[in-house]
Amino acid sequence: MSSAIGVVELRSISKGYETADRMLKTSPVDVHHLKPICPGKFLIIMSGDTADVQAAMDSAKAEAGEFRISDFMLNGVHPGLVDGLKKRYSSQPVDAVGILETSTVSSGIYAFNEALKQCDIYVKRMNLGMAIGGKFLAVFTGSVSDVEQGMKVIASSMDEKRIVHCTVLRSPSEEIRQHFR
C-alpha cells in the first residue's frame, strides 16, 4: 500500500520524459501518470513509501530545473485516491453525485484527498488534465450529506480561485447513475 504520492508538472514534454527517466532510475516508485497534458505540459504522478517518493521528487526537481511549473508531495494518501489514479473506481452504488472541476491538477488532487480522508465518499471518475485544458475533474458518490460535506472539505482545502465549478446532484437521473456506475 502506498503511503505517499508525488506530483511534478513541467512546461516541456521532452524535458518531462527526461525528468521521469532520471527519477525512475533514482527511486523505486509506482508511476500512475507519465504523459503530456493540455496545453502542452507534462505531468508525472507517482506513489510509494514516503522515503522513496521523497527521493524521486528530489531527483525530479533537480532534473526539471526551470521547466518545473509545480510539484508537491502528500503523505498519508487515501487508498481511494491511489485507486483512482490507477483508474480502479469504486463499485459503490451511485447515490448522490459530487463533481469537482479545478483549474490545476495539483490543487484538485490535494483537496480531493482531504475530502476522501474526512468523508464517506467514493471515487467514480478522475481526469488529470488530458483533453480538458489541464484541469482536474473528480466525480464521487455517497449519501447526500456525505457528498455535501465532501464539497465543504474541498472548498476549505484549496484557494477558491482554483475551483472552476463544483456541484452536487442530490437525486441524479437514471442516465447519470448508469454513466457513473
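User: What distance separates the centres of domain 1 and domain 2?

Analyst: This is a predicted model, in which local features need pLDDT of at least 70 and side-chain atom pairs count only at pLDDT 80 or more, whereas totals for chains, interfaces and linings use all residues. Residues are numbered from 1 along each chain as its sequence is written, and side-chain values use heavy atoms, with hydrogens and water left out. Domain bounds come from an automatic or database domain assignment. Here the chain is divided into domain 1 (4-74) and domain 2 (79-180). Taken over C-alpha atoms, their centres are 23 Å apart. Domain 1 gives 15 residues to the contact and domain 2 gives 16, where contact means heavy atoms within 4.5 Å.

User: How is the area buried between domain 1 and domain 2 to be read, and which atoms give 77% of it?

Analyst: Buried area is the accessible area (1.4 Å probe) that two parts lose on being put together, summed over both. Between domain 1 and domain 2 it amounts to about 1200 Å², and carbon and sulfur atoms give 77% of that. On the side of domain 1, H32, C38 and L74 supply 38% of the area buried against domain 2, more than any other three residues.

User: How many salt bridges and polar contacts cross between domain 1 and domain 2?

Analyst: A salt bridge is a side-chain nitrogen of Lys or Arg within 4 Å of a carboxyl oxygen of Asp or Glu. A polar contact is a pair of N or O atoms within 3.5 Å; within protein, one must be able to donate a hydrogen and the other to accept it, and residues adjacent in sequence count only if both atoms are side-chain atoms. Between the two domains there are 0 salt bridges, and the rule finds 0 residue pairs in polar contact with both residues at pLDDT 80 or more.

User: Which elements give two or more residues to the side of domain 1 that touches domain 2?

Analyst: Helices (H or I, at least four residues) and strands (E, at least two) are DSSP runs, numbered from the N terminus. The elements in question are strand 1 (4-10), strand 2 (30-37), strand 3 (41-48) and strand 4 (68-75). Strand 2 provides the largest share, 4 residues. By class, this side of domain 1 has 10 nonpolar residues, 4 polar and 1 charged; Ala, Val, Leu, Ile, Met, Phe, Trp, Tyr, Cys and Pro count as nonpolar, Asp, Glu, Lys and Arg as charged, and the others, Gly among them, as polar.

User: How many salt bridges does the structure hold, and where do R11 and E66 lie?

Analyst: Side chains of opposite charge can pair when their charged atoms come close. The structure holds 12 salt bridges. One of them joins R11 and E66 at 4.0 Å, N to O. This pair links distant parts of the chain, 55 residues apart: R11 is in the loop between strand 1 and helix 1 (13-26), and E66 is in the loop between helix 2 (50-64) and strand 4.

User: Is R11 buried, exposed or partly exposed?

Analyst: Buried means under 20% relative accessible area, exposed over 50%, and partly exposed in between (1.4 Å probe, protein chains only). R11 is partly exposed because its relative accessible area is 46%, whereas E66, at 62%, counts as exposed.

User: Which residues does T19 touch beyond its neighbours within four places in sequence?

Analyst: T19, also in helix 1, is in contact with L10, I44, A60, E63 and A64. T19 counts as buried because its relative accessibility is 0%. The T19 side chain reaches the backbone oxygen of K15 at 2.8 Å. Its C-alpha atom is separated by 5.7 Å from that of A64, 45 residues apart along the chain.

User: What is phi of K87 near?

Analyst: Most residues other than glycine have a negative phi, and most peptide bonds are trans. Phi of K87 is near 60°, a positive value in a residue other than glycine. K87 lies in the loop between helix 3 (79-85) and strand 5.
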